[in-house]
Amino acid sequence: MAKLPIRDLNVVRSEQVTPNMQRITLGGTELHNFPKNHEGAWIALLFPQAGDTKVHKPRLLQAKSKQPRRRYYTIKNFNEETKELTIDMVLHGGLLHTGVASNWARKCRKGDNIVIAGPHLRKANKPAQMIDKDAAWFFLIGDMTALPAVICNIKLLPQNAKGYVIIEICNESDKQELQCPNGIEIHWLINPHPSQRNHNLANKVKSLPWLTGIPSIWSACEQSTMYQLRYYFNEDRNVNLKENYIVSYWKIGQ
Ligand SMILES: Cc1cc2nc3c(=O)[nH]c(=O)nc-3n(C[C@H](O)[C@H](O)[C@H](O)COP(=O)(O)OP(=O)(O)OC[C@H]3O[C@@H](n4cnc5c(N)ncnc54)[C@H](O)[C@@H]3O)c2cc1C
């Protein structure tokens, strides 16, 4: 984290995308050298420790009590012309909730300050691990936190792509329009209680017919569901986990 560029930004706009998803657009002079083509990679929003009023910028060997609280978000868009950075943030947990990032997304207003770190670069300076466009077919799986990244991946699919997009959302009205090739089946699952352990997403994935050839799998969700999916793909379908992206974006109770 200490090596990631740190930028002091301001909120330019906050718009409701769907009832549980807020789109926050950030701007500021420190975005002048933000790299292009990093949609799908993550940045960290840095929040002060409880009781602190400002973010102490991360440094090596910094005392834990001084380190900012970090929350990770997917770059949905960076507009090179206007130098504006957009992220979509799930509003989880209701008004009395403790999630510092979700609360901030709910309340932030134009002009509010926010410090970010990133974008994160993977090996060989690749911004993010995305689907393998040359695969025989595709699985794109996620809960609402992964929806921004799933949309970035959908944009990479070839026109003749076959496979599935499976997204768990909190509410019927959290569906977003997805521009998928005709051969991709879209499945929305409604789960108003994402913070209760369940098997819905994994069971849906398991119920879908396995197609011919080796798929490219991209999946991000809550940790216990991630384990269910890894087990299914690895044990039941003999998928090489190292060549696919099956990760957790958050953990119930943490
Ligand atoms: C690489 C990466 C990219 C991500 N991209 C996005 C993104 O683009 N958009 C996005 O919204 N999220 C994204 N996330 C997930 C986001 O970072 C987490 O949901 C984060 O925990 C939210 O922080 P918070 O401060 O609101 O809640 P925290 O303080 O982390 O958690 C407080 C409580 O809320 C619960 N909680 C956290 N997230 C959720 C949730 N989604 N639903 C229900 N309960 C929850 C926790 O279990 C805990 O009990 C991403 C995560 C990673 C690792």
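Two strands count as paired if DSSP finds at least two bridges between them, and helices (H or I, at least four residues) and strands (E, at least two) are DSSP runs numbered from the N terminus. In this predicted model, local features need pLDDT of at least 70, side-chain atom pairs count only at pLDDT 80 or more, and totals for chains, interfaces and linings use all residues. Residues are numbered from 1 along each chain as its sequence is written, and side-chain values use heavy atoms, with hydrogens and water left out.

A hairpin is formed by β1 and β2, with two residues between them.

These pairings belong to an open sheet of seven strands, arranged in the order β4-β3-β7-β1-β2-β6-β5 with antiparallel pairing. Its edges are β4 (69-74) and β5 (77-79), each of which pairs on one side only. From one strand to the next, the twist averages 40°, where axes are lines fitted to C-alpha atoms, for helices over the stretch in contact, and angles run from 0 to 180 degrees between N-to-C directions. Helix α1 (residues 100-107) packs on this sheet, in contact (heavy atoms within 4.5 Å) with β1 (6-18), β2 (21-27), β3, β4, β6 (84-90) and β7. The direction of α1 makes about 65° with that of β4.

Helix α2 (residues 147-154) is mostly covered, as eight of its eight residues are buried; among them are Leu 147, Val 150, Ile 151 and Asn 153.

In helix α3 (residues 200-207), the buried residues include Leu 201, Ala 202 and Val 205. These residues lie on the same side of α3 because they cover an arc of only 95° around the axis, the arc being that of the directions from the helix axis to the C-beta atoms. The cover over the buried residues of α3 includes β8 (137-142), β9 (163-169), β10 (184-190), β11 (215-222) and α4 (223-236).

Key: Buried < 20%, exposed > 50% of the residue type's maximum accessible area, 1.4 Å probe, protein only.
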